[in-house]
Amino acid sequence: MLGIGAAVLFFIAFLINAADLSTNDTFSSVNVMLLGLTLLALHVAGIGSGWSRRR
């Protein structure tokens with residue numbers, strides 16, 4: 001699920017960058033890309049994968 005969220009954030013960052021939209025400093029394409037990288041790192045680390053190790 002976090003991987004899908006990362007892909008969506010990367011796509012939004014790409015659209016902001018490709019369309020050369022002027023956004024405020026908080027919602028810039030670099031900040032959205034960094035949020036996507038954070039979600040991707042959490043996904044790779046196994047957080048939010050839905051797998052349970054308890055038996």
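## Contacts along the chain

In the protein chain, 57% of the contacts with a separation of 6 or more join residues 24 or more positions apart; a contact here means heavy atoms within 4.5 Å. The model is predicted, so local features need pLDDT of at least 70 and side-chain atom pairs count only at pLDDT 80 or more, while totals for chains, interfaces and linings use all residues. Residues are numbered from 1 along each chain as its sequence is written, and side-chain values use heavy atoms, with hydrogens and water left out.

## Overall make-up

The chain has two helices and zero strands, taken as DSSP runs (helices H or I, at least four residues; strands E, at least two) and numbered from the N terminus. Of its 55 residues, 13% count as buried, that is, under 20% relative accessible area with a 1.4 Å probe, protein chains only; exposed means over 50%, and partly exposed lies in between.

The accessible surface comes to about 4,600 Å², with 66% of that belonging to carbon and sulfur atoms. These areas come from the Shrake-Rupley method with a 1.4 Å probe.

## A look at helix α1

Which residues of α1 are buried? They are Ala6, Leu9, Ala13 and Ile16. Because they cover an arc of only 85° around the axis, they sit on the same side of α1; the arc is that of the directions from the helix axis to the C-beta atoms. Their cover includes α2 (29-45). On the other side of α1, Ile4, Phe14 and Ala18 are exposed.

After α1 comes aspartate 20, with a positive phi near 55°.
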